[in-house]
Amino acid sequence: MQPKKIKVLIVDDSISIQTVLREVIESDPDIEVVGTAKDAFEAKQMVNDLSPDVITLDVEMPKVSGLRFLEVLMKVKPTPVVMISTLTKANADTTLQALELGAVDYIAKPQINQKEMFLRYSKMVIKKIRMAAACNISTGINHQSTNIEPVRAESFSTNRVLAIGASTGGTEAINYLLSKLPSANFALLIVQHMPAGFTSTFASRLDRTTDFTVVEAQGGELVRPGVAYLAPGDFHMKVVRSNDQLYTDVFRAEKVSGHRPSVDVLFKSVADEIGRHAFATLLTGMGKDGARGLKKIKDADGFTVVQDEASCVVYGMPRVAVEMDAASVVTSLNNIKETLVEKLR
C-alpha cells in the first residue's frame, strides 16, 4: 500500500505563478497539486470538494483579499496555509497579519532566473509544504489573563535577561508571551527566524501590542529592563559584557544551524555572559536551531523552559532540545509566563 500523498491547493490569480508552483511542488513524488484557483470564490468551492492538506495562498488577490479568505477559512474549515508573498517591507505587515489569522508560514513569490535558484527555491517550498502538512493548527492560545503581579525587586539586575528563540509559529507565540510577562522584571533578547525587512515590522507590532518597548536591535545598545531587542533579519545577535553592563552585538557571519539570525548564537552568548542568572525559552519552530545553545545555558545552571508538543505549531526545535536534556521545564505556552515569574520569586 503506497503512502498517501500530500494534497495541495494553489490559490493565485497569476497563471504563470500557478504554473511555476505546480512544477515546483510536483517535483516531489509524495506531493500532488489537486487544484488551482484564481480567486477566493473558486478556492472556497475547491476546499469543500477536494479537502486539501495544504493551501498555498497569494496575499494579494482580486475581488476578495487573501487575508479575508484566510480569516473565513480558519473559522469554517481550518487548513494549514502557506502564504505566497513578495518579501518586501511593504508586504511584511500583511504577511504578519496572515500569521496572526492562522497561516503557518510564508514563502517568497517565485522569481526564477537561473536553474540553481530554481532548485534552491524548490527545496525550500517543498520543505515548508511538508512542514505545513504535519503542523498542529489547532493549538489555540488561551488569551485569558491570570493576573500575575510583577515581582517587585528593589533594583533591576542586569543579569535578569530572558532570551527567546522561535521559528515557525513563533510570531504569535512571542506576541502572546510578551503580552503576559511583567515588563518591569525582564530585559528580553529575541531571535525569530525572519528575512530582512520583516523584523522591523514585527518589532513595531510587538511594541504596539505589549507593555515592552520593542526595538529591532542595531548593536551597541545597553540591555535595559522593560526593553525587548529583536535580532534583525539576516544578522546574528548576541549579548556582550563590558564594565559589568550587558550590550547587544549585531553582526554578519556565516549561518549557524542553517539560520541567520540563529537562536544558537544568541543562547550561547547568554550562557557565556550571564550563566546561572540567565533565563531562556525555546518556542515552536521547525529544525534544531537553539537546542545546543539552550543546553549550554542549562549546563551553566541557567533556567531553561521549552514549549511542549501540544501547544507548538511545529514541534521541531523544542523536540530536539528535550531530547538533548536542555530543558529545566517543559510546559505549554500558556504556562510559560507563570513558570518564569514563579522562578523569579
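## Exercises on a predicted model

Lining the second largest pocket are Ala40, Phe41, Lys44, Val47, Asn48, Val64, Arg68, Phe69, Val72, Leu73, Val76 and Lys77. A pocket is, on a 1 Å grid over the protein atoms alone, an open set of points where a 1.4 Å probe fits, with protein on both sides within 12 Å along at least five of seven lines, and lining residues have an atom within 4 Å of a point. The model is predicted, so local features need pLDDT of at least 70 and side-chain atom pairs pLDDT 80 or more, whereas totals for chains, interfaces and linings use all residues. Residues are numbered from 1 along each chain as its sequence is written, and side-chain values use heavy atoms, without hydrogens and water.

**Exercise 1.** Determine which helices each supply at least two residues of this lining, and its make-up by class.

*Solution.* Step one: helix 2 (40-50) and helix 3 (66-76) each supply at least two lining residues, helices being DSSP runs (H or I) of at least four residues and strands (E) of at least two. Step two: by class, the lining has 8 nonpolar, 1 polar and 3 charged residues.

**Exercise 2.** Describe where serine 311 lies and whether serine 311 is buried or exposed.

*Solution.* Step one: serine 311 belongs to the loop between strand 13 (303-307) and helix 10 (317-323). Step two: its relative accessible area is 15%, and serine 311 therefore counts as buried (under 20%, with exposed over 50%, for a 1.4 Å probe and protein chains only).

How values were computed
Nonpolar A, V, L, I, M, F, W, Y, C, P; charged D, E, K, R; others polar.
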